[in-house]
Amino acid sequence: MSLISWLRWNKSPSRLSSRSPAEMVLETLMMELTGQMREAERQQRERSNVVRKVCTGVDYSWLASTPRPTYDLSPSEWLQLEDVCVKIHPSYCGPAILRFRQLLEEQEPEVQEVSRLFRSVLQEVLERMKQEEEAHKLTRQWSLRPRSSLTTFKTRARISPFASDIQTISEDVERDTPPPLRSWSMPEFRAPKAD
């Protein structure tokens, strides 16, 4: 009998799942929460065993079987976390998991605190998503805004090098004299007359 039939090398590759990205994000994040809660519970159990070992001086860990998980989330809390997870965009799933793991490593929380940390990470990610969406919306508005404001400003601006709002003594004399004739190569500039 050959090993090829056991290893199923000839099996066709599995197709991509037909689940939506939101469902995949939900499943990934909730699996991460469950796994981290189990790990926190295991670490808590190890810490209590070390304390017990130091107090009694005897190690009975070889005798004890692995206990079942004792802490579970309430169904309402589980559903609330699922509702928040569904709102997370797939591109933010990885960074959310990394931030969650980083916080767990820094704080080493008790099992009861893991879900609170998870919720805070999800809220951070939702806020970041909202901020980036608003920034994207503003850039889209500015890029789509018509550029007519600059053209209207150009049409309103007129070149008048000799007109000024500063009152001078010789202005009275200048008003009565006709402007000097200019050569043909120079453009004629006139100040707009106020009506």
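Which residue just after α4 takes a positive phi? Glutamate 108 does, at about 45°. The views below come from a predicted model, where local features need pLDDT of at least 70, side-chain atom pairs count only at pLDDT 80 or more, and totals for chains, interfaces and linings use all residues. Residues are numbered from 1 along each chain as its sequence is written, and side-chain values use heavy atoms, with hydrogens and water left out.

**View 1. The whole chain has 7 helices and 0 strands.** Helices (H or I, at least four residues) and strands (E, at least two) are DSSP runs, numbered from the N terminus. The elements run α-α-α-α-α-α-α from that end. Of the 195 residues, 18% are buried. Buried means under 20% relative accessible area, exposed means over 50%, and partly exposed lies in between (1.4 Å probe, protein chains only). Take contacts, meaning heavy atoms within 4.5 Å. Among those between residues at least 6 apart in sequence, 81% join residues at least 24 apart.

**View 2. Helix α4 covers residues 93-107.** The helix has 15 residues. From first C-alpha to last it reaches 21 Å, close to the 21 Å expected at 1.5 Å a residue. That expected span is 1.5 Å times one less than the number of residues. Cys93, Ala96, Ile97, Phe100, Leu103 and Leu104 are the buried residues of α4. Seen down the axis, they fall within an arc of 125°, so they line one face of the helix. The arc is taken from the directions that run from the helix axis to the C-beta atoms. These buried residues pack against α2 (21-56) and α5 (111-144). On the other side of α4, Leu98, Glu105 and Glu106 are exposed.

**View 3. Serine 115 sits in helix α5.** Serine 115 is buried, at 3% relative accessible area. Its side chain joins that of glutamate 77 through a polar contact of 2.9 Å. A polar contact is a pair of N or O atoms within 3.5 Å; within protein, one must be able to donate a hydrogen and the other to accept it, and residues adjacent in sequence count only if both atoms are side-chain atoms. Leaving aside neighbours within four places in sequence, serine 115 is in contact with Leu33, Leu73, Glu77 and Leu81.

**View 4. Glutamate 39 and arginine 42 form a salt bridge.** Side chains of opposite charge can pair when their charged atoms come close. A salt bridge puts a side-chain nitrogen of Lys or Arg within 4 Å of a carboxyl oxygen of Asp or Glu. The structure holds 6 of them. Here the closest N and O atoms are 2.3 Å apart. The two residues are 3 apart in helix α2, so about one helical turn separates them. Glutamate 39 is partly exposed, at 28% relative accessible area. Arginine 42 is also partly exposed, at 31%.

**View 5. Arginine 47 forms a salt bridge with glutamate 110.** Their closest N and O atoms are 3.8 Å apart. Arginine 47 lies in helix α2 and glutamate 110 in the loop between α4 and α5, so the pair ties together parts that are 63 residues apart in sequence. Arginine 47 is partly exposed, with a relative accessible area of 32%. Glutamate 110 is partly exposed at 30%.

**View 6. Glutamate 124 and arginine 99 meet in a salt bridge.** The N to O distance is 3.3 Å. The pair links distant parts of the chain, with glutamate 124 in helix α5 and arginine 99 in helix α4, 25 residues apart.
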